[in-house]
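Hi everyone, thanks for coming. Let me put the model up, and then we can walk through it together.

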Amino acid sequence: IRMNASFEEKTTWQKIKWLLDFITTVLMNSVIVILILIGIIFLLYYIDVVKNSTNGKWKPPLYQAYVIISQSMEPTIHVQDAIVTKREENLQIGDVCTYLSKNQSYFGIMITHRIIDIKTNEKGEKVYIFKGDNNYSADQMPVEKDQIYGKVVMKIPKIGYVQYFLSNAYGWIIAIVVPCVGIITFDIIK
C-alpha cells in the first residue's frame, strides 16, 4: 500500500473526507485570523479610551459602528445598513456624521445625518446644522462639537439583518449550536 496515493487513485469516500478536512482547516484558520483581528481592534479601542480618560477629557472612541434603523438618510444609507464612524476634528458641510441628540423628542438617541451648515453660537463656538437626506427640513436643534461622535467612513450594506438574526434565540441556535454539533460529529467520524 502506497502512503501518498494521488488524488485520482483515491476512493470517492477518501476524496470526500479529504475535501471536508480541507474545508474545515480553511474555516478554522479563517476564524482564528478573524478573532485575532477582533482582539487587535479591541486592544486599540481600549488603549484609545484609557489615553483619553487619563487626559481628563472625554472623547468618543476613535472608531465606532452603528446599525441604521430609520429611513432618514435614504438613498445614501438604507435601513439595516451598518456604518463605521471615525472621530474627526475637521468637519465640513456635506459630511455625514453620527451625533448624540439633545432634542427632547429624541433625547439620548444616536442620529446619523448630513451637515448642511456650520454656524457660530452666542458663546463663539461652532455649531452644526444637520439634515437627513430623506427629510424635508433640518434637525430642530444645532449640534455642538462635543455631541458629535464621528464622521461616517464606511457603510456595510444590510449587515444589520445579521445582528437582528443573532439577537433572536433561534438565530443563536443556528449560528452557535448547529456548527458546534457539526464539528463534534465530524471529529467523532474522523
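Let me begin with a question: how many residues apart are W18 and F22 in helix α1, and what does that mean in helical turns? They are 4 residues apart in α1 (residues 12-54), so about one helical turn separates them. Helices here are DSSP runs of H or I with at least four residues, strands are runs of E with at least two, and both are numbered from the N terminus.

A quick word on where this comes from. This is a predicted model, so local features need pLDDT of at least 70 and side-chain atom pairs count only at pLDDT 80 or more, while totals for chains, interfaces and linings use all residues. Residues are numbered from 1 along each chain as its sequence is written, and side-chain values use heavy atoms, with hydrogens and water left out.

Back to the rings. The whole structure holds 3 aromatic pairs, where rings of Phe, Tyr and Trp (its six-membered ring) pair if their centres lie within 6.5 Å, with planes under 30 degrees apart called stacked, over 60 edge-to-face and the rest tilted. W18 and F22 are a stacked pair, because their ring centres are 5.7 Å apart and their planes meet at 10°. For reference, buried means under 20%, exposed over 50% and partly exposed in between, with a 1.4 Å probe and protein chains only.

Now the sheet. It is open, with 7 strands in the order β1-β2-β7-β3-β4-β5-β6 and antiparallel pairing; strands pair if DSSP finds at least two bridges between them. At the edges are β1 and β6 (143-144), each pairing on one side only. Further in, β3 and β4 run antiparallel and are joined by 5 bridges. Across them, Y99 stands opposite I111, and V96 has R114 as its bridge partner. β4 and β5 are also antiparallel, over 6 bridges, one of which joins T120 to K126. These two strands make a hairpin with 5 residues between them, and G124 in the turn has a positive phi of about 85°.

The largest one has 9 residues: L91, C97, Y99, I111, I115, Y128, F130, V143 and I148. β3 (96-100), β4 (110-120) and β5 (126-131) each give two or more residues to this core. A second, separate core has 8 residues, including M73, I77, Y149 and V152. Leaving aside residues up to four places away in sequence, C97 touches V152 as well as L91, I111, I115, F130 and I148, among others; contact means heavy atoms within 4.5 Å.

Last, some backbone geometry to look at. Most residues other than glycine have a negative phi, and most peptide bonds are trans. The bond from E74 to P75 is cis, with omega near 5°, and P75 is in the loop between β1 (63-67) and β2 (82-86). That β1-β2 loop also holds Q80, whose phi is positive, near 75°. Q80 counts as buried because its relative accessibility is 17%. K158 has a positive phi as well, near 60°. It lies in the loop between β7 (148-156) and α2 (160-166) and is partly exposed, at 37%.

Thanks, and I'm happy to take questions!

Key: A nonpolar core is a set of buried Ala, Val, Leu, Ile, Met, Phe, Trp, Tyr and Cys residues joined through side-chain atoms within 4.5 Å.
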